[in-house]
Amino acid sequence: MSKKTVISGGNIPKSPLPFSPGIISGDYLFVSGQASVDDNGSIVNDTFEGECRRSFDNLKRIVEAAGASLDDAVQVRNYVGKQEYLAEFNAIYRAYFNEPYPARTTLIGCLGELLKFEVDVVIYVGK
């Protein structure tokens, strides 16, 4: 059976919801979906750019707390609220991920009205 290590605490946003911000299992870190939330887990409504950047920044905080970086990403799943945000999303994405880009899935129109963007990631943390 694989051992699991929870990544939490420090400057990672807290949530009242039942999930771990990140779990290391084997050589991989699995980060739960990150949205535009403050340090207490409260949603911060903003423009698409603001919500997208805050989500990526929250993601980055968890990854760095695990001793890794976004350059170690092997898979990124993105949830974009509306199709008209797609070009803006792709421009912002390039500010956080470099070539060779990780494998990626992008779903559009799946968030309802609560959020404009959410992201989760798998990071390679093996040596």
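This report walks through salt bridges in a predicted model.

## Overview

The structure contains five salt bridges. Three of them are described here, including a pair formed by Arg 53 and Glu 49.

## A pair inside helix H1

Let's start in helix H1, which covers residues 48–65. Here the side chains of Arg 53 and Glu 49 form a salt bridge, with a distance of 2.9 Å from N to O. The two residues are four apart in the helix, so about one helical turn separates them.

How accessible are these partners? Arg 53 is partly exposed, at 30% relative accessibility, and Glu 49 is also partly exposed, at 35%.

Is Glu 51 buried or exposed? With 0% relative accessibility, Glu 51 is buried, whereas Lys 116 is partly exposed at 24%.

## Between strands E6 and E4

Now for a pair of strand residues. Asp 120 and Arg 77 form a salt bridge whose closest N and O atoms are 2.8 Å apart. This bridge, too, links distant parts of the chain, with Asp 120 in strand E6 and Arg 77 in strand E4 (residues 73–80), 43 residues apart.

Asp 120 has a relative accessibility of 8%, so this residue counts as buried. Arg 77, at 28%, is partly exposed.

Key
Residues numbered from 1 in each chain as written. Predicted model: local features only at pLDDT ≥ 70, side-chain atom pairs only at ≥ 80, totals over all residues. Heavy atoms only, no water. Salt bridge = Lys/Arg side-chain N within 4 Å of Asp/Glu carboxyl O. Buried < 20%, exposed > 50% of the residue type's maximum accessible area, 1.4 Å probe, protein only.
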